Amino acid sequence: MPPERASLVEIACDESGSEGEKLVGGNTEVFAHASVAIDLDAARACVAELRRRIRSPAVEYKANHLLREKNRAALVWILGPSGPIHRLARVYLVEKAYFLVRAVFDHVAPGNSTETASKLAHRLCQDSPALVGRADWHAFLEWSNQLMWARNGDVPRPTTAAYYELLDRMRRSAVGHPAAEAVEVVWSGRGLIIAAREERTARPATLDPLLPALARAIEVWAEGGRTVALVHDEHSTITAGLIIELKRAWPTLAGVRLVDSLNDPRVQVADFLAGVARRIAEDALTGNGDSELTALLRPYVDPASVWGDSNSWKALEPRDHVE
């Protein structure tokens, strides 16, 4: 965390795994957003040290350089307790499929508390693949994503009849099972999902995990009454209009400046962290976790990350937040 005496702190940010509102069927299962509170001199020194250790001729180093097995020592160094970002960085992780299911419950039952929506989403994600079959589960995720996608004009969407038939099969499969309550909530609110298809062009990109990630970065680094300025790698989602909305919602935000990561070593460091965090977390999610790297990542993980898989979260959750 930044020093308590600082009233204005500039935070460098970058993401990995961003595919906009496409949450299933894409290239990644995890989204990661890193925010780093180091100054330019420290960032330059970090990049220089990585160059010394890795010795690649690449103009700009990226996370994939660190993720090569031959460069493991450099990865362990940057994440480790003696590394340059220890206690000066945070990573917000999003398990995309769970994030989507949470959004479904928020949409079909807006009166539910966040805690209730989370419990229903956990139950549905945990039990449904085995209960209804992986084909129907994947169809549910993909079709729900397509229907709720705010800007998917070129993406084919399921018909109302096909979507209702899928939900009915899920409903019948869940009879007498603990997941039945969650499926019934979706079934009862099915018309709201279909309505979202007609409203999509008028709505903001509510399924883009970058939006809550930005809000969370502001919240985290504004603790203690600080004012926060974000320096972020260029991203099409971060428009002038979005920055205005963020400043309206978060008076502690001084501004957002977009830069080319090649021109700001602080953002390069954030890029390193976001990229390696996404890969480590995705490996944990798919059952291929590396225990050493997962343990090194754990202190950076934001406890407010949106994660549904219980087994991998046990490995990723920061220990000082475990009850």
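Q: Which residues line the largest cavity?
A: His-33, Ser-35, Arg-90, Tyr-92, Ala-213, Arg-216, Ala-217, Val-220 and Asp-302 do. A lining residue has an atom within 4 Å of a cavity point. This is a predicted model, where local features need pLDDT of at least 70, side-chain atom pairs count only at pLDDT 80 or more, and totals for chains, interfaces and linings use all residues. Residues are numbered from 1 along each chain as its sequence is written, and side-chain values use heavy atoms, with hydrogens and water left out.

Q: What makes a space count as a cavity?
A: On a 1 Å grid over the protein atoms alone, it's a set of points where a 1.4 Å probe fits but cannot get out.

Q: How do you know that the lining of the second largest cavity has no polar and no charged residues?
A: Look at who's there: Leu-124, Phe-140, Leu-167, Met-170, Val-183 and Val-186. Ala, Val, Leu, Ile, Met, Phe, Trp, Tyr, Cys and Pro count as nonpolar, Asp, Glu, Lys and Arg as charged, and the others, Gly among them, as polar. So the lining divides into 6 nonpolar, no polar and no charged.

Q: Why is Ser-144 called buried?
A: Buried means under 20% relative accessible area (exposed is over 50%, partly exposed in between, with a 1.4 Å probe and protein chains only). Ser-144 has 0%, so it's buried.

Q: Why are H3 and H12 called roughly perpendicular?
A: Helix H3 (residues 72–79) and helix H12 (residues 265–285) pack at an angle of about 110°. That makes H3 roughly perpendicular to H12, because 65 to 115 degrees counts as roughly perpendicular (under 35 is roughly parallel, over 145 roughly antiparallel, the rest oblique).

Notes:
Axes are lines fitted to C-alpha atoms, for helices over the stretch in contact, and angles run from 0 to 180 degrees between N-to-C directions. Helices (H or I, at least four residues) and strands (E, at least two) are DSSP runs, numbered from the N terminus. On a 1 Å grid over the protein atoms alone, a cavity is a set of points where a 1.4 Å probe fits but cannot get out, and a pocket is an open set with protein on both sides within 12 Å along at least five of seven lines; lining residues have an atom within 4 Å of a point.
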